[in-house]
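I opened this notebook to keep track of what I looked up, entry by entry, while finding my way around the fold.

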Amino acid sequence: MISESYRSYFERSFMMGPNCLRLLDEILGEYPLHYTSDNLVLDLGCGMGVTSLFIANETGATVYANDLWISEEENRKRFANWNMKDKLIPMQEDATDLHFNKEMFDALISIDSYHYFAGKKGFFVNNILPYIKKGGIALIVIPGIKSEYAGRSEELLAEWAGNEAYMFQCVEFWKEIIGEHEDIKEVRTWEMSLFDLAWQEWFDTKHEYALNDKKYYDSIIKPFTNFVGIMVRKK
């Protein structure tokens, strides 16, 4: 896997949950992007920017790294330290109120953040699709619940996920939520495969949140949850 070469970033100062680089590696393996610096990608919910670094290096694109929780200045300093200030553009905007030009991006990528703000029908069509160029693509990975437990996330996950349990939805739900539109060519949702590895490498960071998650892994997380991959291609 390409993400093996980024192992120095598999640590608590960069990770904010299950290993985002493994999940990004997997979905880009399904849908490779071959760009130049003239192509623009929006990394929505980039966290500490390691996904943005991966995207820029492995696709060749210039990446707008947007996160609501991590300041623009903090990521700007980090990108400069990585010698990537010309390839990574830090942003701090609310995903529900973005201010980009229409059809600005060749691709939108969002790893482990989309479920926080986009769980309502119409959100993708109204808030995301307009910013993607014709022929462009959206690649999204989020935590979900296995299809056989659809509709039971609050019952099954509340002890671990608390008031965020409702966000865990199955692959069929997310396909319906993305919805149909005259400008959408194709929507695909599926269960990702790198579940165990992404979680184990999060536990390996020894972050306090990781240690808390580990308490629930065998009893709740592994039996009931998954990672949902979403691909939307624009006409």
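Before counting any pairing, I noted that two strands pair if DSSP finds at least two bridges between them. I also noted that this is a predicted model.

**Entry 1: the strand β1**

I began with β1 and its neighbours, and found that three bridges join β1 to β4, the two strands running parallel. On the other pairing I looked up, β1 and β2 are also parallel, and five bridges hold that pair. I then asked how many of the residues of strand β1 are buried. Five of the five residues of β1 (residues 40-44) are buried, so the strand is largely enclosed by the rest of the structure. In a regular strand the side chains alternate between the two faces of the sheet. I checked this strand and saw Leu40, Leu42 and Leu44 pointing one way, with Val41 and Asp43 pointing the other way, all of them buried.

**Entry 2: the whole sheet**

Next I traced the open sheet, in which seven strands follow the order β3-β2-β1-β4-β5-β7-β6 with mixed pairing. β3 and β6 (184-191) stand at the edges with a single partner strand each, so one side of each is left without a neighbour in the sheet. Neighbouring strands of this sheet are turned by 15° against each other on average, with direction ignored. Further along, I looked at strand β4 (residues 105-111) and strand β5 (residues 132-145), which run parallel and are joined by six bridges, and there Ser110 stands opposite Ile140 of β5. I also noted that α1 packs on the sheet, where it touches β4, β5, β6 and β7 (225-234), and that its direction makes about 140° with that of β4.

Strand β2 (residues 62-66) then pairs in the parallel sense with strand β3 (residues 88-91) over four bridges, and Val63 has Leu88 as its bridge partner in β3. Between β2 and β3 the chain passes through helix α3 (residues 72-81), in a β-α-β crossover that is right-handed. α3 lies across β2 and β3 and runs at about 165° to β3.

Within β3 I picked out Ile89 and asked which residues Ile89 touches, not counting residues up to four places away in sequence. On that basis Ile89 touches Thr62, Val63, Tyr64 and Ala65. The C-alpha atoms of Ile89 and Ala65 are separated by 5.7 Å, although the two residues are 24 residues apart along the chain. Ile89 is partly exposed, with a relative accessible area of 27%.

**Entry 3: two helix pairs**

I turned to helix α1 (residues 20-30) and helix α2 (residues 50-59), whose axes come within 10 Å and cross at roughly 35°. The residues in this contact include Leu21, Leu24 and Leu28 of α1 and Val50, Phe54 and Ile55 of α2. By class, the contact has seven nonpolar, two polar and one charged residues.

Helix α7 (residues 195-203) and helix α9 (residues 217-224) pack at about 145°, with their axes 11 Å apart. Phe195, Asp196, Trp199 and Phe203 of α7 meet Tyr217, Ile221 and Lys222 of α9, which I found to be five nonpolar, no polar and two charged residues by class.

How values were computed:
Residues numbered from 1 in each chain as written. Predicted model: local features only at pLDDT ≥ 70, side-chain atom pairs only at ≥ 80, totals over all residues. Heavy atoms only, no water. Axes fitted to C-alpha atoms, helices over the stretch in contact; angles between N-to-C directions. Contact = heavy atoms within 4.5 Å. Nonpolar A, V, L, I, M, F, W, Y, C, P; charged D, E, K, R; others polar. Right-handed = clockwise from strand over helix to strand, strands pointing away. Buried < 20%, exposed > 50% of the residue type's maximum accessible area, 1.4 Å probe, protein only.
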